[in-house]
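The sequence and structure come first.

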Amino acid sequence: TSRMLRPNLLAAATRARAPASARRSGLGARHIPGRPVQAFRCNAASLTSEDDATLEAEAERPTRIAQQVRLVQWYPGHIARAEKLLREQLKAVDAVVEVRDIRIPLATTHPDIPEWIGSKLRVLVLNRADMVSDAERSKWVAWFKKNGETHVVLTDARSGKGVKRVAEVALLVSKEVNDKRIAKGLMPRPVRAAVIGYPNVGKSALINRLTKSKACASAPRPGVTRNLRWVRIGGDLDLLDSPGVLPPRLADQRAAARLAMANDIGEASYLASSVAAQLFEEMCSLERWDGKDSLRSVVEKRFKLDSVKGMSGEDFVAAVAEKALSDDLERAGTRVLNDFRNGALGAFCLETAPGAKSSR
């Protein structure tokens, strides 16, 4: 095949590796095994047969940006300190409110929480319920209840929907707690409940909605809450706001990537272009990608692309960068992720309830 007839192969193999300045000037960067990385102009006359064979092999293998970069890991010091303090405080609480992101309810599951809370009453809060479809909400609630969760509450902490129910369920232990205190000759006291979960899943926003004030620092990024703090709700309920807790090591890298997509771990732990590419490929695997009101049509309209059919995640991010962002892959990745996080790409779960149809 003539080299002049293969511009797409060259673009696929070089576009994502080129620095922004080089891409703007028509330059790319290639890495031939055994040679230093160098810049080259994308035209057939400059390629040797060895270069041609290497680029062709690169273009033919499946391209997955997320597998080409470092592992996603994020465990800042304040989380380690807060976790130690939280585990001590949990011994004195009557109930636990565990908050998860309903878009990724399995990825936002801390494996140690059941051990920490033992037999205490637990309220499982699936937050950001407005960011998924009605059908997905129903399937996840049914699945959790089938698997032993007695109290499952859907909330949208930003608007306040469902948050009152959280307090009502937490107060179910009030009679039991205070009957024991009265039997011991002690005065009744408010129920103590700890609000726990991964970073940036909406714990502080939930408490602020319950108090109808800005009692806790809250912002749409992980790591804002750094200390434990008790907040009184009316006269019957005390809530403990806590920093997000994570396992020291994120062994499941697919789940770690989903945390990055949802902005539940710090941006310093990943490349936006890499995570955006993986987000696109996960969206392509969803049942709603094609068909009526498809996610694919939303993506094409949002980024003004004629068609994304057949694109890899890497191709998609490069296309977004080329269309509107001067070929800057990181800016393009950040834009894609922000659009997902604020719901501009549609209302959908990245994780499907086990047993439900999930991919095409």
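## Helix 9

In this predicted model, the buried residues of helix 9 are Lys203, Ser204, Ala205, Leu206, Ile207, Asn208 and Leu210. Helix 9 spans residues 203-211, and because seven of its nine residues are buried, it is largely enclosed by the rest of the structure.

The cover over these buried residues includes one helix, helix 7 (163-170). Strands also take part in covering them, among them strand 3 (95-101), strand 6 (191-197), strand 7 (229-233) and strand 8 (237-241). Just after helix 9 comes Lys212, with a positive phi of about 55°.

## The chain as a whole

The protein contains 14 helices and eight strands. It has 360 residues, and 51% of them count as buried. Its accessible surface comes to about 17700 Å², with carbon and sulfur atoms holding 51% of that area.

Contacts between residues at least 6 apart in sequence were also sorted by separation: 68% of them join residues at least 24 apart.

## Cysteines

How many disulfides does the structure hold? The number is zero.

Are Cys284 and Cys349 buried or exposed? Cys284 has a relative accessible area of 15%, so it counts as buried under the 20% cut-off. Cys349 is buried as well, because its relative accessible area is 2%.

Conventions:
Residues are numbered from 1 along each chain as its sequence is written. This is a predicted model: local features need pLDDT of at least 70, side-chain atom pairs count only at pLDDT 80 or more; totals for chains, interfaces and linings use all residues. Side-chain values use heavy atoms; hydrogens and water are left out. A disulfide is a pair of cysteine sulfur atoms within 2.5 Å. Buried means under 20% relative accessible area, exposed over 50%, partly exposed in between (1.4 Å probe, protein chains only). Helices (H or I, at least four residues) and strands (E, at least two) are DSSP runs, numbered from the N terminus. Contact means heavy atoms within 4.5 Å. Accessible areas come from the Shrake-Rupley method with a 1.4 Å probe; for residues, only the protein chains shown count as cover.
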